[in-house]
Amino acid sequence: MNQESLLSISSNALFIAFILLLIAIVPLGLAVKSKRKIFGKLGLLFTYIAFALQLVYFVVRWVAVDHAPVSNMYEFMTFFGIMLTGSYLIIHFLYKQIVVGLFTIPVSLIILGYGSVFAKEVSPLVPSLQSHWLTIHVMTVAFSSAILSVSFATGLIYLLRTLDVSKKSISTYGLEFVLYCLVVVIGFIGVSTFFSLATEEVQVQFDNAQGQQEKATYAMMPLIVSKGAVTEKGDAIGVVEITNKIDAKKLNSIIWAFIVGTILYGVIRFITRKSISALLKPWTSRVQPQLMDEISYRAVVIGFPLFALGGLLFAMIWAQIAWSRYWGWDPKEVWALITFLFYAAFLHFRLSKGWEGEKTAWLAIIGFGIIVFNQVFVNLVIAGLHSYA
């Protein structure tokens, strides 16, 4: 079977899995509201089948490209989403909490949808990526980040269950802001899809930080461009010019995400006349807050040492092979260290200071924010050795 056929099989498997996860949300939601166990079993069945199909995607794509499919943003974010689905199934095996799936699976779908907006084409690996240690490093980071992300979902559930979202406070505003950020990501997926289907790409040329002429292809209408950027015809373009030290094209995508996401959030608020946290709160009415707190803590206990291995130790081994140094203060390396130190502090406060409940929930949410910032903003906007995506 040729490469094209294998890639088609893998893509179809991933698409069907995505649809099944969407469908699974319905019985999982009914299971949370109803005492009938059939809904929970049906939701789990869809989830298990979807996860199996996701693994089919991963294995078949690996065979097709002849290396682990984790070498660009599409492949990494897809694997991250797959591992989040798998992490939920592990947590469900341990705790039998359907409500965790009701909140985890939508996050997994958002991650998969986000990954789908990036280029899916297969291209030869650059020399620095041709290492088995890259595979070990990236897969461990993705799996550990997925487990840590479960604590984000249970932290959200805890706050929705315990906070009075009808009252104005720092906590309720913070919770609503977190949900707004998720809507922004959905907005990014939507606007990326719209521009890819409805508009043509725009070629922009400019002088990079080294004074060399460089070209960039904008899939979305250029709002943010590099200083001195013009079209191929020499016409001025863009609304705002920024320093060439920042990837203007990718920052442009982020700006569009916030524009469309904010509009979408406003539409939801206008139609429902409620905050998103108020819309979600009824789905947590039967939750045991102490159990959600326990799951958040256990997810970090499992994910933290794995992240230490993948994000630091394995990463340094790969860095030595790829760039002849173990540590170089590249932006990605710095934020991996920040992530490690944050979760180390999380466990310290939990074990030594007795932080639990709402404090644990907020730490879990902030930790997820750091992970997302590292995997999205640092990778896309800040120039560095890890900007291969």
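Helix α4 is largely enclosed by the rest of the structure, because 17 of its 19 residues are buried (under 20% relative accessible area with a 1.4 Å probe, protein chains only). The model is predicted: local features need pLDDT of at least 70, side-chain atom pairs count only at pLDDT 80 or more, and totals for chains, interfaces and linings use all residues. Residues are numbered from 1 along each chain as its sequence is written, and side-chain values use heavy atoms, with hydrogens and water left out.

Helices here are DSSP runs (H or I, at least four residues), numbered from the N terminus. α4 covers residues 98-116. α5 is also mostly covered, with 24 of its 31 residues buried.

| Helix | Residues | End-to-end C-alpha distance | Expected span |
|---|---|---|---|
| α5 | 31 residues | 46 Å | 45 Å |

**α1 with α4.** The axes of α1 (residues 3-33) and α4 come within 9 Å and cross at roughly 155°. Axes are lines fitted to C-alpha atoms over the stretch in contact, and angles run from 0 to 180 degrees between N-to-C directions. That makes α1 roughly antiparallel to α4 (angles over 145 degrees). Their crossing is left-handed (the near helix is turned anticlockwise from the far one by less than a right angle). In contact terms (heavy atoms within 4.5 Å), the α1 side includes Leu 14, Phe 18 and Ile 25, and the α4 side includes Ile 98, Leu 102 and Pro 106. The residues of this contact divide into 15 nonpolar, three polar and no charged. Nonpolar covers Ala, Val, Leu, Ile, Met, Phe, Trp, Tyr, Cys and Pro; charged covers Asp, Glu, Lys and Arg; the others, Gly among them, are polar.

**α5 with α6.** α5 (residues 132-162) and α6 (residues 170-198) pack at about 135°, with axes 11 Å apart. Phe 152, Leu 156, Leu 159 and Leu 160 of α5 meet Leu 175, Val 178, Leu 179 and Leu 182 of α6. By class, the contact has eight nonpolar, no polar and no charged residues.

**His 92.** This residue lies in α3 (residues 73-95). His 92 counts as buried because its relative accessibility is 10%. Leaving aside neighbours within four places in sequence, His 92 contacts Leu 44, Gln 97 and Ile 98. Ile 98 also belongs to the α4 side of the contact with α1.

Definitions and conventions
Helix = DSSP H or I, 4+ residues; strand = E, 2+ residues; numbered from the N terminus. Expected span 1.5 Å × (residues − 1). Buried < 20%, exposed > 50% of the residue type's maximum accessible area, 1.4 Å probe, protein only. Parallel < 35°, antiparallel > 145°, perpendicular 65-115°, else oblique.
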